[in-house]
Amino acid sequence: MITLRNQRGYNIKLSANKKGRIIKSTALMLLILTNLIVIAQNNIRPLEELINYSDSGWPLVSKWINSAKNKVEVLPADSVMSKDALFKIQVTTRSPMGAIVLYSGGLLIDNGWIRILGGGGGKINRSLPDWNKGRSFKEFGETPSFLLIADDAIGGFYLLNGGALGKDLGKVYYFSPDDLEYEPLDLSYSQFLLFSFNSDLDAFYKGLRWKGWKKEVSNLPGDKVYNFIPFLWTKEGKNINKDSRKVISIEEQYNLNLDFRKQLEKH
């Protein structure tokens, strides 16, 4: 159990089976060929060096999930997508992050309020590396100055600091939709997982959950968020139960957050 405190004051005709196997086998062969080309071009680690079956981080993550106080849904992994994602992100499965990428499509926390990115598929139709490409890095294999690791239903984003956000490398920040600030949480990636699994999220999101949110959010696709009018960061938008809301793509919301932040910095 972790108790921490931040600015918010929270305490944080073939048979279907045969056809499927052939399709997956072909996709895997294409993935291997693509990997070989990328390895030759960028001199990065091949997939077999990233997968550690004898010392995987997944049993530990599974233990945390099984004992979690908050509801955690593990999205099933697509073997081809997950291996592709692991290769692109270049993280070993000994780490919780690598394990989540390989062995899950992602994690949904608290009825899907928080979405932790993994290998992609199902309710979260984007992988950790694919979501970051063009945002935290230009090409796969580059070392990012931050990494978007999770997000929430109201358009907030969790980032792992790689140097762009401060000197606390490896710590998680929350890009909050109610003030457009990068808030340091003083959590490592593993601690962020435990925070998501066990913390009082009602306290952390105080004032940002409306009546009946659970039913609505549980039906929200993992690549969509709620956009609020008035905007949550305005004085007029502070009463979320009176704000109007609509569902938009997470890409649109992320870009809106960045654009509004730049505009506010100029004034």
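**Helix packing, a buried loop residue and the enclosed spaces**

Helix α7, residues 189-198, is mostly covered, with 7 of its 10 residues buried. Here buried denotes under 20% relative accessible area, exposed over 50%, and partly exposed the range in between, for a 1.4 Å probe and protein chains only. Helices (H or I, at least four residues) and strands (E, at least two) are DSSP runs numbered from the N terminus. The model is a predicted one, in which local features need pLDDT of at least 70 and side-chain atom pairs count only at pLDDT 80 or more, while totals for chains, interfaces and linings use all residues. Residues are numbered from 1 along each chain as its sequence is written, and side-chain values use heavy atoms, with hydrogens and water left out.

The buried residues of α7 are Tyr189, Phe192, Leu193, Phe195, Ser196, Phe197 and Asn198. Two packed helices are described by the angle between their axes and the distance between the axes. For α5 and α7 the angle is about 60° and the axes lie 9 Å apart; axes are lines fitted to C-alpha atoms, for helices over the stretch in contact, and angles run from 0 to 180 degrees between N-to-C directions. Pro96, Met97 and Ile100 of α5 meet Tyr189, Ser190 and Leu193 of α7, where contact means heavy atoms within 4.5 Å. By class, these residues are 5 nonpolar, 1 polar and no charged. Ala, Val, Leu, Ile, Met, Phe, Trp, Tyr, Cys and Pro count as nonpolar, Asp, Glu, Lys and Arg as charged, and the others, Gly among them, as polar.

Helix α5 is largely enclosed by the rest of the structure, because 7 of its 8 residues are buried. These are Pro96, Met97, Gly98, Ala99, Ile100, Val101 and Leu102.

Thr93 sits in the loop between α4 (79-89) and α5 (96-103). With a relative accessible area of 0%, Thr93 is buried. Its side chain reaches the backbone nitrogen of Asn52 at 2.7 Å. Beyond its neighbours within four places in sequence, Thr93 is in contact with residues including Leu50, Asp55, Leu86, Gly98 and Leu102.

Not counting residues up to four places away in sequence, Met81 touches Gly119, Gly120 and Gly121. Met81 and Gly120 are 39 residues apart in sequence, yet their C-alpha atoms are 6.8 Å apart.

On a 1 Å grid over the protein atoms alone, a cavity is a set of points where a 1.4 Å probe fits but cannot get out; a pocket is an open set with protein on both sides within 12 Å along at least five of seven lines, and lining residues have an atom within 4 Å of a point. The largest cavity has a volume of about 100 Å³. Of its 13 lining residues, Pro177, Phe231, Leu232, Gln253 and Asn257 are closest to the centre. The lining of the largest cavity comprises 10 nonpolar, 3 polar and no charged residues, and α10 gives the largest share, 4 residues.

The largest pocket holds about 330 Å³ of space. Among its 18 lining residues, Ile89, Val91, Thr143, Pro144 and Leu147 lie nearest the centre. The lining of the largest pocket divides into 10 nonpolar, 5 polar and 3 charged residues.

Definitions and conventions
A polar contact is a pair of N or O atoms within 3.5 Å; within protein, one must be able to donate a hydrogen and the other to accept it, and residues adjacent in sequence count only if both atoms are side-chain atoms. Grid points are joined across faces, edges and corners, and a volume is the space filled by probe spheres set on the points.
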